[in-house]
Amino acid sequence: MIKVKINGQEQSWDGDPDLPLLWFLRDEAGLTGTKYGCGQALCGACTVIVDKQAVRACITSVNDVAGREITTIEGLHPNGDHPVQKAWRQVNVPQCGFCQAGQIMQAAALLMDNPKPSHDQIREAMAGNICRCGCYQRIENAVHLASTGV
Amino acid sequence: MNFIDNPRKLRGFEKNIKVEKVSRRSILKGLGVTGGFVLAAPVMTRQALAYETGAGKMPHGVVVDPRVFVSVAPDGIVTIVGHRSEMGTGVRTSLPLIVAEEMEADWSRVKVQQAHGDEVKFGNQDTDGSRSTRHYLIPMRQIGASARTMLEQAAAKRWGVPATEVKAVNHEVVHSTSGRKLGFGELATDAAKESVPAIEGLKLKDPKDFRYLGKGQVSIVDLHDITTGKAHYGADVRLPGMKYAVIARPPVTGGKLVSFDPDAALKVPGVEKVMKVQGWPWPSKFQPLGGVAVIARNTGAAIKGRDALKLTWDDGANGKYDSVAYRKELEEASRKPGLVVRKEGDADTALKGADKVIVGEYYIPHLAHVSMEPPVAVADVKGDKAEIWAPVQSPGGTREDVAKTLGIPEGNVTVNVTLLGGGFGRKSKCDFALEAALLSKELGAPVKVQWTREDDIRNGFLHTVSAERIEAGLDKSGKVIAWRHRSVAPSIASTFAAGTVHQAPFEIGMGLADMPFEIANISCENPEAAAHTRIGWFRSVSNIPRAFAVQSMVGEIAQATGRDQKDMLLELIGSPRIVKPNVKDLWNYGEPQDSYPIDTARLRKVVELVAEKGEWGRQVPKGHGLGIAVHRSFVSYIATIIEVAVDDKGKLTVPRVDTAIDCGTYVNPERIASQIEGAAIMGLSLAKYGEISFKDGKVQQKNFDDFQVVRMDDSPVVTNVYIVPPGPDTPPSGVGEPGVPPFAPALINAIFAATGKRIRSLPIGKQLEA
């Protein structure tokens, strides 16, 4: 039995310990905000925060996060008013929106680590998150806005 | 009491709709289906409207009926049905916004309800071809005006005053002389009893009174849900007892399963079952490819189980498809005469007599859509009834195809449309929903079929591969007097009909036969090309290779004659005029030529606007260069200027993009900007990295590591968008797709300006490395 804490709640799993965290979150725990985009840590759609670090849930097993604290998009802020989320809405970032949970989690992790990232630091830190609709200019603007106060 | 409390409860309600005109189903859904007669309301009479669109000729036409699209609850909440699919263009917001505008509803008290797939009820739902705003601006205004009129009539009756004395203003109806007011909610019950006014008599708002249309102040309705993880995509559907499936499909198009060994897969924890999936012989339209499904308690287990399958395939006739050899075939075909699709003057003779002939041979490989949400669908089939939840661009077509595939009446199929995590044309094909339906029927349980990214890249409906050859003949003064363009590419029609070797009319009309230059001798030709994989619509379709070739050639002519690119471009476009190519039934994106002609004044204008705003001719640092391109597609006009920087090692970056678009009358300029910004990313992706190649019949790429797309660190630093203000009666035109085609040639022209290297084959890849 593996125990993990997701968005402050204890959850347990007695199935395959190698099950990717992504599928545990989505299919077993019903937290579908975290998305599948590639399964190989190439696109960042599945980004969650594990103990203050951005992690790709698609290549992280449930066993890897045993006893750890996981934050998903659903748990980032109780009302959805994390500065990154607010900035995202102010800049009208999303088009289709599918990659945005991963983008937001990555941005939130970046700002925990570096509260005032530069233009180049934002572009570098966010480069692991693909947006096929092409919202990059707005993502960059939103991260900047979140870092300067929304 | 509402106009309709719940549209889904009221099937058959459509029989009460007043039918104004019988519209022939003249365009077949997809390509292979024969249509019957369907009933549809006209867009509007000619007298009342400045333009006509092709909306009425789409399958099931247009339905203009407020009872179908609008309901008002006693608490004042107005619910407006969005009947098109939301894949990122903002259409789920913009069409209901048009209704709200016209009915004087307060947007903060409007809820949007997604329509299920039912084209008899809602009219055509195919969300593709950049058509939604251009086909529905007027019908949605009419629906809003009808609802407003019914509310006004109800208020006038309540007060016993003439209807001319009342007016709906911001969610209430006001009596002008007494100042009395009634909220929409208070009028809901009475308004529902009013008869629906005739379309011809409707009074539309004066555009100067618009609160929302053309303003860009309204955010998309799903914005909050998207930022909090609550937005509901196809992949997010969960039903009690639902099983999770992934499918191993034939690696070669047209291949068949010979045998499989499920034993190892069945030992994977969480795997419950391994079963065959029915496939159809190629070409098979949108029918599934077949294969072997692994059914599990979660997707992770299903994927692991699939990895453990032992499979033997018969690759069939396409087992030798090889992109290197195929490219040679296409290029050789482009050097010989082909089917002439447009002829003006005598290009052969003019080319022979020309002072100088410039030849450009251009190549663009297959591309995959790679929407961030790979194809996925949930089906629950019980007896002769089926319910589908899926991110589909064609809910009506999906309903039709599910019914046919399962052999049940269409009325027994419900297609619930989720948000689409990107579409780009891939989700116009409902094969993934059909797979889910077949599996659910056999399992007797709800099932979700999830495509992995590898499936998406290897088993998709790819963008075509093409060789484009242009010969331009110049006289002594440098004027272009002859133009021969040969376009060789497997057609989308090959996915529907065996033996297809020519481009379909709609492909010929995308940048080949509709070429707008003022040249005396023109020959557009289409030599034969047979397909060896599934070809499908990809955002902006054949306009990608055609604009790449034509606009690169403009750069090449400028280069050969020492002219400025922009001046050369304007000279070739020539005088402001309506171009009428000598082509029988030239395909014009399904639109009448009267409303949507090829207008070179508008083409020139976007070039001039982008040149001014984008500071064409500005000094740029060493290693930088500017390039320009223009293209009309989806009846919109778009010009792009790109600044590139290429360093000593050949690393390409894009400091700035400027794009001007003339899309006629528009609804939400803020979303137009986002579409054009996104088109720049997609254009840069395909130019820099985009290539799907085949060897031994199999796709050689698998995921985002070998089919790369642009990431934030190599995206354009700044993208500026300029929208041409429309004239009073300019019909709306496409926005979702037209931003893509001019990007690659503008980039290539910029690279030439920066480096002196002319790239004729995409992707750029390592061509700039010394």
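A word on conventions comes before the tour. Residues are numbered from 1 along each chain as its sequence is written, while chains are lettered from A and ligands numbered from 1 in the order in which they are written. Because the model is predicted, local features need pLDDT of at least 70 and side-chain atom pairs count only at pLDDT 80 or more, whereas totals for chains, interfaces and linings use all residues.

Let us begin with confidence. The model scores ipTM 0.99 and pTM 0.94. Residues 1-48 of chain B are another matter, with pLDDT below 50. This stretch still has 93 contacts in the model beyond near neighbours in sequence, a contact being two residues whose C-beta atoms, placed from the backbone, lie within 7 Å. Where pLDDT is low, the predicted coordinates should not be read in detail.

Next, look at where the chains meet. Chain A and chain B each bring 49 residues to the contact. On the side of chain A that touches chain B, the elements giving two or more residues include α1 (21-28), α3 (100-113) and α5 (136-148) of chain A; helices (H or I, at least four residues) and strands (E, at least two) are DSSP runs, numbered from the N terminus. The most comes from α5(A), with 4 residues. That side of chain A has 23 nonpolar, 16 polar and 10 charged residues, where Ala, Val, Leu, Ile, Met, Phe, Trp, Tyr, Cys and Pro count as nonpolar, Asp, Glu, Lys and Arg as charged, and the others, Gly among them, as polar.

Within chain A, 5 strands form an open, mixed sheet in the order β2-β1-β5-β3-β4; two strands pair if DSSP finds at least two bridges between them. At the edges stand β2 (9-13) and β4 (53-56) of chain A, each with a single partner strand, so one side of each is left without a neighbour in the sheet. Strands β1 (residues 2-6) and β5 (residues 69-71) of chain A are parallel and share 2 bridges, and here A:K5 stands opposite A:E69 in β5(A). Helix α3(A) lies across β3 (47-50) and β4 of chain A, at about 35° to β3(A); angles run from 0 to 180 degrees between N-to-C directions, and axes are lines fitted to C-alpha atoms, for helices over the stretch in contact.

Chain B has an open, mixed sheet of 5 strands too, in the order β14-β22-β21-β20-β15. Its neighbouring strands are turned by 10° against each other on average, direction ignored. Strand β14(B) runs antiparallel to β22 (residues 521-526) of chain B, joined by 5 bridges, and B:V340 stands opposite B:E525 in β22(B). Helix α9 (residues 323-334) of chain B packs on this sheet, touching β15, β20 (466-474) and β21 (480-488) of chain B. Helix α15 (residues 543-561) of chain B lies across β15, β20 and β21 of chain B, at about 145° to β15(B).

Finally, follow chain B to a helix pair. The axes of α16 (residues 565-573) and α17 (residues 600-613) of chain B come within 10 Å and cross at roughly 170°. The two helices are therefore roughly antiparallel, the term for angles over 145 degrees. Residues making the contact include B:L569 and B:I573 of α16(B) and B:L603 and B:V607 of α17(B).

Key. pLDDT = per-residue confidence, 0-100. Parallel < 35°, antiparallel > 145°, perpendicular 65-115°, else oblique.
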